[in-house]
Amino acid sequence: MHLTTLKNFNKNKQMAKSESRIQSEIVIWFRNNYCRKGAPKYNPFNLIAHVKNEHAFGRDSTVHPGFADLIIFLFSPLPIFVEVKEPGNLSGPLKNGQSGYQVDFEDWCNKIGRPYFIVRSLEEFMQVIENL
């Protein structure tokens, strides 16, 4: 199996990082550090799932509008939800880049006691995971 490395994403430093590019970096980093056998923090139950929900609401009724970009299971069967935003995106009702649907989803996570985070870079995500 060929493992993709972060080097592939850092070839062009001038390229602005899109939300999908940041999501890809996060998934690769998490899998390499938490999901791969022999990884420093490997656990067979660690999992990260990327929810491809952008512009899919009309075509895919299984994805609820506002659902988080990433679902993570870290040493637990209970999910952690992560919304990824582009750096500098401060639009939306709360001026943090979230849509109204995303705000509703975050409220739902809070009501059921599940962690929900908004990150704008791989580094922010790493801090969130390391502090859980």
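Student: Which residues touch the most other members of the largest nonpolar core?

Tutor: First, this is a predicted model: local features need pLDDT of at least 70, side-chain atom pairs count only at pLDDT 80 or more, and totals for chains, interfaces and linings use all residues. Residues are numbered from 1 along each chain as its sequence is written, and side-chain values use heavy atoms, with hydrogens and water left out. A nonpolar core is a set of buried Ala, Val, Leu, Ile, Met, Phe, Trp, Tyr and Cys residues joined through side-chain atoms within 4.5 Å, where buried means under 20% relative accessible area, exposed over 50% and partly exposed in between (1.4 Å probe, protein chains only). Counting a contact as heavy atoms within 4.5 Å, the members of this 18-residue core that touch the most others are Ile26, Phe30, Ile48, Ile72, Val82, Phe125 and Ile129.

Student: How many of the 17 residues of α1 are buried?

Tutor: Buried residues of α1 include Ile22, Ile26, Trp29 and Phe30, but also Glu19 and Arg21. Together, the buried residues of α1 pack against β1, β2, β3, β4 and α3. Helix α1 counts as largely enclosed by the rest of the structure because the number of buried residues is 12.

Student: How wide an arc do the buried residues of α3 cover around the axis?

Tutor: In α3 (residues 122-130), the buried ones are Leu122, Phe125, Val128 and Ile129. They sit on the same side of α3, because their arc around the axis, taken from the directions to the C-beta atoms, is only 120 degrees.

Student: Which residues does phenylalanine 125 touch?

Tutor: Phenylalanine 125 belongs to α3, whose buried residues are covered by elements including α1, β1, β2, β3 and β4. Leaving out residues up to four places away in sequence, the ones touched by phenylalanine 125 are Ile26, Trp29, Phe30, Ile48, Ile72, Val82 and Val119.

Student: Which are the edge strands of the sheet?

Tutor: Two strands pair if DSSP finds at least two bridges between them. The sheet here is open, with 4 strands in the order β1-β2-β3-β4 and mixed pairing. Pairing on one side only is what marks the edge strands, β1 and β4.

Student: Do β3 and β4 run parallel or antiparallel?

Tutor: Strands of a sheet pair through backbone hydrogen bonds, in either sense. β1 and β2 are antiparallel, with 4 bridges, and β2 and β3 are antiparallel over 3 bridges. In β4, phenylalanine 117 is the bridge partner of valine 82, and the 4 bridges from β3 to β4 join strands that run parallel.

Student: Phenylalanine 75 is at 45% relative accessibility; what does it count as?

Tutor: Phenylalanine 75 lies in the loop between β2 and β3, which form a hairpin with 6 residues between them. Its phi is near 55 degrees, a positive value in a residue other than glycine. At 45%, phenylalanine 75 counts as partly exposed.

Notes. Helices (H or I, at least four residues) and strands (E, at least two) are DSSP runs, numbered from the N terminus.
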